[in-house]
Amino acid sequence: MLSVLRRKAAAAAVGGSDAMLLGGRLRKSCAAAAAGLRGYATAAKEMTVREALNSALDEEMSADPKVFLMGEEVGEYQGAYKVSKGFLPKFGPERVVDTPITEAGFTGIGVGAAYYGLKPVVEFMTFNFAMQAIDHIINSAAKTNYMSAGNISVPIVFRGPNGAAAGVGAQHSQCYAAWYGSCPGLKVLAPYSSEDARGLLKAAIRDPDPVVFLENELMYGERFPVSAEALDSSFCLPIGKAKIEREGKDVTITAFSKMVGLSLEAAEILAKEGITAEVINLLSIRPLDRPTINASVRKTNRLVTVEEGFPQHGVGAEICMSIIEDSFGYLDAPIERITGADVPMPYAANLERMALPQIEDIVRAAKRVCHRSVPMAATA
Amino acid sequence: MSAAFPSVRAVCRPGSFAGEKRGPPPAAASGKLASGFLGSAWKLRFGALPARRRGSSSVVVAVSDVVKEKKPKRSSSSSSDLLITKEEGLELYEDMVLGRTFEDMCAQMYYRGKMFGFVHLYNGQEAVSTGFIKLLKQEDCVLSHYRDHVHALSKGVSARAVMSELFGKTTGCCRGQGGSMHMFSKEHNLLGGFAFIGEGIPIATGAAFTSKYRREVLKEADCDHVTVAFFGDGTCNNGQFYECLNMAALWKLPIVFVVENNLWAIGMSHLRATSDPQIWKKGPAFGMPGVHVDGMDVLKVREVAKEAIGRARRGEGPTLVECETYRFRGHSLADPDELRDPAEKAHYAARDPIVALKKYILESNLASEAELKAIDKKIDEIIEDAVEFADASPIPPRSQLLENVFADPKGFGIGPDGRYRCEDPKFTEGTAHV
């Protein structure tokens with residue numbers, strides 16, 4: 001039962017000096033440990049993103065009773081995408097709150113709870129629906145610490161799937177990374193693997209500022225190996241740090257969320273053709289890890305940014321500008337951005353495929369930047 | 001057409017309601033007031049309110065007394081004053097069977113991979129769509145949300161067009177670009193098809209606003225077009241709903257708000273989500289009649305619809321109609337539907353609107369079994385034809401990706417050569433890949 005002891009100690013360490021809570025937490029951290037043990041026994045340290053999110057939320061809610069989850073279908077339905085599976089019997093309806101369908105209302109309630117001392121996790125069934133609540137995310141959450149000069153901080157997490165799924169049409173498929181990424185006062189995170197999901201969600205919940213946590217529906221079922229360190233309940237990833245998923249020296253490819261997977265596959269294909277691509281998993285859209293990206297581009301001299309969202313004013317545009325500001329002299333070719341098409345997402349399967357970046361697009365762009373030796377190429 | 005529910009016996013004088021605070025409201029108060037704040041007439045006998053919704057039809061006053069009186073007679077042999085003619089009966093039957101058969105075919109096609117994404121089926125709720133939409137003209141508008149296939153079919157969009165749309169083919173009513181949740185038709189004035197619940201309500205209110213505007217500002221004297229907005233119980237907790245009830249009543253817009261209360265919003269029971277589950281009561285709070293009707297009975301729905309649509313057409317303003325109905329299938333084809341009590345499902349399955357209408361038609365000798373079977377067969381053929389058509393239709397060409405983003409494609413801006421990009425014939429070919 002060594003792992004149980006380790007978890008208890010970790011939980012105690014995390015919770016600080018509040019010995020009174022330890023007793024209550026003990027029961028819960030044992031349950032968490034048991035779940036973790038089951039994970040050890042069966043999955044041999046592999047976890048789906050869904051399980052990672054579930055375990056991270058579970059541990060944070062167990063560790064701090066101020067953390068609660070609210071959203072549509074999070075309780076009895078166990079989460080629209082089953083991320084909060086098992087939570088209702090464990091934490092009860094006061095901490096796993098099924099809301100009516102009123103994003104503006106319940107988001108406002110969450111922000112108000114954060115103003116007054118709790119640590120809500122607000123789940124949106126998709127970030128498209130968060131548009132009904134965006135006034136509260138931006139005006140009530142993001143701007144408040146500033147407007148109140150530190151009087152009121154807003155330790156809230158807004159999470160949910162972002163970006164396209166499969167055949168769900170224009171109103172269910174938008175990527176909001178660029179919109180939220182442009183707003184001061186927000187922290188915007190986008191995990192890729194299960195470890196990312198665990199570490200970033202825990203960091204987000206512990207963070208005293210509003211965090212927009214962009215998941216991806218198609219990634220929920222993807223399985224990744226997880227290190228022993230990541231399974232520890234105190235595991236946290238730093239906010240604002242990108243991760244180099246694959247090293248290379250010919251071209252830098254930046255991506256986030258699902259696109260990291262595509263970029264890694266593109267890098268495999270490129271490697272066979274003699275081009276080694278360095279793939280950076282941004283992890284944090286805001287703050288953007290500019291030093292890491294710049295350092296990489298200074299090494300490779302070429303950059304391709306990949307994102308699923310709309311092209312104009314996208315994440316790639318911001319990265320491009322960052323390079324121009326800091327590393328212009330190091331560029332051997334113009335920066336290429338691969339984005340979703342500049343159209344609302346069509347429903348038809350073949351059109352949807354055309355509207356989203358595919359591996360071939362990334363490969364072609366990487367080749368273009370590698371073979372172009374004159375920066376001012378003819379108009380494409 | 002009579003200006004009131006046939007059952008009205010007492011004349012409702014404005015200002016008489018203040019004196020009627022105690023005791024049961026007169027039967028005539030069932031929604032029939034041409035003036036004044038209808039809301040104040042709806043005094044509830046709180047003690048008599050049932051704890052559960054079922055069996056509440058005797059208390060809630062809004063159901064037409066004609067229909068209530070007819071109900072016991074229905075099971076006996078034909079009475080002389082039937083609610084519908086034979087033609088109407090067959091039309092209603094055909095429309096409901098079309099909806100049901102179409103949705104069943106959708107389920108089959110989905111599991112075979114021909115359609116994808118989110119598909120929300122309407123089985124069990126056909127009485128509401130048929131009851132309302134079959135009373136509308138082509139120029140009247142219908143607004144729906146994601147459970148919109150049957151609204152589209154009732155409004156007149158062909159089964160072929162809807163099926164092709166679901167298959168993602170270019171012959172679909174939205175050329176494959178919209179999908180299951182986004183059915184639009186300018187010809188039939190089906191204004192959507194929305195993924196967000198509540199989104200259609202302000203749009204519907206706007207369409208009603210346009211009707212009124214055309215009559216009063218543009219002086220189109222004969223513009224009496226009505227808008228009918230369909231939405232569910234979950235939507236009734238959304239702010240937009242209340243904002244629009246207010247404005248529609250304030251400006252007396254020609255709109256009918258139809259709540260398809262099937263008790264469930266995905267897995268969230270209406271009773272868990274709503275402080276006061278009786279949605280029809282929210283109408284009077286804003287100054288419009290609120291009517292509750294048995295949504296599993298197409299004839300009752302039709303009676304109420306006639307009155308509500310008539311009110312709107314005459315310029316008397318909006319009505320809120322709550323239809324008690326049920327979806328036989330899960331929220332969507334991806335929903336395991338584990339939370340609903342099988343007893344509840346069985347209760348409503350026994351009230352299948354199509355079975356009920358068939359029974360009424362046969363018992364009233366409006367038509368024969370053979371005629372109804374012929375309709376069943378005809379619908380089967382229509383649906384099979386729709387599937388074949390959709391299968392055989394082409395997928396959208398690459399060039400379609402950039403079409404229809406704007407009504408004026410100059411919105412794509414000026415290209416490097418100084419001309420508008422849309423003027424380049426190769427525009428849609430080349431830049432689809434960003």
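Here are legends for several close-up views of this predicted model, written for someone meeting the structure for the first time.

**View 1. Strand β5 of chain A, an enclosed strand.** Let's start with residues 157–161 of chain A, which make up strand β5. Five of the five residues here are buried, so the strand is largely enclosed by the rest of the structure. Strand β4 (residues 119–123) of chain A runs parallel to β5(A), and three bridges join the two. Look for A:Val122, whose bridge partner in β5(A) is A:Phe158. Strand β7 (residues 211–215) of chain A also pairs with β5(A) in the parallel sense, this time over five bridges. In β7(A), A:Val212 stands opposite A:Phe158.

View 2. Next comes strand β13, residues 303–306 of chain A. Which residues point one way from this strand, and which the other way? A:Leu303 and A:Thr305 point one way, while A:Val304 and A:Val306 point the other way, and all are buried. Strand β10 (residues 251–255) of chain A pairs with β13(A) in the parallel sense through three bridges; here A:Val304 has A:Ile253 opposite. Three bridges also link β13(A) with strand β14 (residues 336–338) of chain A, again in the parallel sense. To follow that pairing, find A:Val306 and its bridge partner in β14(A), A:Ile338.

**View 3. A nonpolar patch on the surface of chain B.** Now we move to the outside of chain B, where B:Phe209, B:Tyr213, B:Val217, B:Leu218, B:Leu250 and B:Trp251 form a nonpolar surface patch. Together these residues have about 600 Å² of accessible area. One of them, B:Leu218, is found in the loop between α6 (200–216) and β2 (227–232) of chain B. Is B:Leu218 buried, partly exposed or exposed? Its relative accessibility is 47%, so B:Leu218 counts as partly exposed.

View 4. An unreviewed UniProt entry places the feature "domain: Dehydrogenase E1 component" at residues 95–396 of chain B. Across residues 95–396, chain B is 46% helix and 10% strand, with 30 Å between the end C-alpha atoms.

**View 5. An annotated span of chain A.** Finally, UniProt lists residues 47–222 of chain A as "domain: Transketolase-like pyrimidine-binding", in an unreviewed entry. This span of chain A is 36% helix and 16% strand, and its end C-alpha atoms lie 8 Å apart.

Note on methods:
Residues numbered from 1 in each chain as written. Chains lettered and ligands numbered in written order. Predicted model: local features only at pLDDT ≥ 70, side-chain atom pairs only at ≥ 80, totals over all residues. Heavy atoms only, no water. Buried < 20%, exposed > 50% of the residue type's maximum accessible area, 1.4 Å probe, protein only. Helix = DSSP H or I, 4+ residues; strand = E, 2+ residues; numbered from the N terminus. Pairing = 2+ DSSP bridges. Patch = residues over 30% accessible without salt bridge, like charges linked within 9 Å, V, L, I, M, F, W, Y side chains within 5 Å. Areas by Shrake-Rupley, 256 points an atom, 1.4 Å probe, with all protein chains shown as cover. Salt bridge = Lys/Arg side-chain N within 4 Å of Asp/Glu carboxyl O. UniProt positions renumbered as here; feature names shortened; annotations may be inferred.
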